[in-house]
Amino acid sequence: MLDQVSIDRLRRMDTRGFPVLSVYVNLQPGPESLRGVPARIKDLLAHVEKDSEDLPRDQRLSVRADVAALSRDVSRFGPDLGHGVAVFRSNGAAIDQQLVLPGPVRERAVIDSGAYLRPLEAMIEHYPHYCVAVVGRRFASIFRFVMDELETWEEMRDEEIRKSNYGGFAGYEEQRVRARADEVASKHYRNVAARLAELKRTDGGFDLLMVGGPEPHVEGTIEALPPDVAALVVGTFSIDPGTMTPATVLEHARRVATAWDAREEERLVAELFDTASAGGRAVLGLDEVCSVVNQRAVDTLYVQAGRAVPGSVCTGCGKVSVDVAPVCSVCGAPTRPVPDVIDRLSESVRSGGGTVRHILNPGPLSEFEVGARLRYSTLLVDAT
Ligand SMILES: [Zn+2]
């Protein structure tokens with residue numbers, strides 16, 4: 001599974017001077033998946049053979065063996081792997097690694113001196129760290145939910161309500177016991193809420209929170225949260241804490257996260273489109289985005305998961321372009337082809353202190369592929 005440790009391990013692999021073929025494949029159904037996975041992989045790999053034509057002979061043969069091996073074994077990109085998969089292969093260095101991805105990815109095949117890891121780093125950046133609290137009558141189970149994986153964080157247990165107090169003098173006594181039970185319950189909610197607030201501030205923290213359990217416990221706990229933590233609640237779910245299993249909690253967490261992510265993306269894209277159509281500080285489409293990125297004007301780059309778009313980067317001024325002209329139209333220096341121009345745009349935005357936001361759900365941005373919010377207004381005269 002994807003985590004920083006596996007990324008670091010891939011980065012440290014000994015390639016013995018051989019190139020590494022990195023292939024990212026999207027397995028989630030979407031417009032780009034209309035064609036079958038085998039056909040798309042064939043296209044990606046054909047591109048790789050062309051890209052490696054200029055390499056020294058032993059390296060070229062290594063790449064050719066990688067391409068042949070992956071072409072023979074397309075079944076390893078099975079849809080049962082979930083959203084997407086990344087494969088890193090180097091025949092010469094006897095490397096063959098595969099990672100299942102927590103979300104859809106831009107498809108690409110890249111030949112480089114090491115594993116091409118930027119998409120994995122972007123994913124780690126993208127996925128929020130959720131805290132999931134399931135609140136029972138006297139206990140709470142707290143989980144971490146990150147990149148589609150659920151792990152227990154801690155278990156809390158409160159004092160018992162003594163049922164033996166029930167009965168006796170009906171009426172007055174029963175009322176007293178109920179009041180006592182209510183008091184115990186609200187104390188329990190306060191304890192759980194206080195612990196969640198503590199976890200938010202310590203122990204790695206979390207970005208967002210979901211609360212599950214029978215409705216009164218969910219409501220009671222949320223009411224007891226401090227406002228800054230209550231603001232992080234993205235959803236709730238109903239579950240019987242007596243019969244829940246990690247698998248059922250995971251199912252609920254996934255559903256809440258997917259719904260929240262879709263709502264949040266819809267909101268971000270709508271805002272971007274509103275700003276752009278009002279002539280504000282936003283642009284849509286690859287040409288326009290290249291232009292504003294080259295002007296270092298981008299605050300946030302929005303990228304719709306999809307296909308890789310080839311382009312070029314100037315070796316002189318660093319201009320990123322979807323053109324593949326051999327020389328730069330600005331400074332005249334030679335350009336270098338890049339397999340995915342959007343990667344280069346992302347890199348440039350990040351290095352300039354901006355952020356990159358990946359939009360995973362199909363929507364209005366699919367048509368444009370990229371959009372950007374700007375730091376300041378730019379004149380779009382540099383369309384070259
Ligand atoms: Zn240039």
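A residue is called buried when its relative accessible area is under 20%, exposed when over 50%, and partly exposed in between (1.4 Å probe, protein chains only). The model is predicted: local features need pLDDT of at least 70, side-chain atom pairs count only at pLDDT 80 or more, and totals for chains, interfaces and linings use all residues. Residues are numbered from 1 along each chain as its sequence is written, and side-chain values use heavy atoms, with hydrogens and water left out.

**Exercise 1. Find which residues of α2 are buried, and where they lie around its axis.**

Step 1. Helices (H or I, at least four residues) and strands (E, at least two) are DSSP runs, numbered from the N terminus.

Step 2. The buried residues in α2 are V37, R40, I41, L44, L45 and V48. They lie on the same side of α2, because their arc around the axis is only 130 degrees. The arc is taken from the directions from the helix axis to the C-beta atoms.

Step 3. An α-helix has 3.6 residues a turn, so residues three or four places apart point the same way.

Step 4. K42 and K50 are exposed on the face of α2 turned away from its buried side.

Step 5. With contact meaning heavy atoms within 4.5 Å, the cover of the buried residues of α2 includes β1 (20-26), α3 (57-72) and β4 (108-112).

**Exercise 2. Do the burial analysis for helix α6 (residues 215-224).**

Step 1. H217, V218, G220 and T221 are buried in α6. Their arc around the axis is only 170 degrees, so they are on the same side of α6.

Step 2. E215, P216 and E223 are exposed on the other side of α6.

Step 3. Among the elements covering the buried residues of α6 are β5 (129-135), α5 (172-201), β8 (208-212) and β9 (233-237).

**Exercise 3. Describe the site of the zinc ion.**

Step 1. Donors are N, O and S atoms within 2.8 Å of the metal (3.2 Å for Na, K and Ca); water is not among the atoms, so sites may look incomplete.

Step 2. The SG atoms of C314, C317, C328 and C331 are the protein donors, lying 2.3 Å from the zinc ion. Their spacing along the chain is C-x2-C-x10-C-x2-C.

Step 3. Four donors count as tetrahedral if all angles lie between 85 and 135 degrees. The angles here are 96 to 119 degrees, and the site is tetrahedral.

Step 4. C328 is buried, at a relative accessible area of 6%, whereas C331 is partly exposed, at 41%.

Key: Four donors count as tetrahedral if all angles lie between 85 and 135 degrees; four count as square planar and six as octahedral if opposite donors are over 155 degrees apart and all others between 65 and 115; anything else is irregular.
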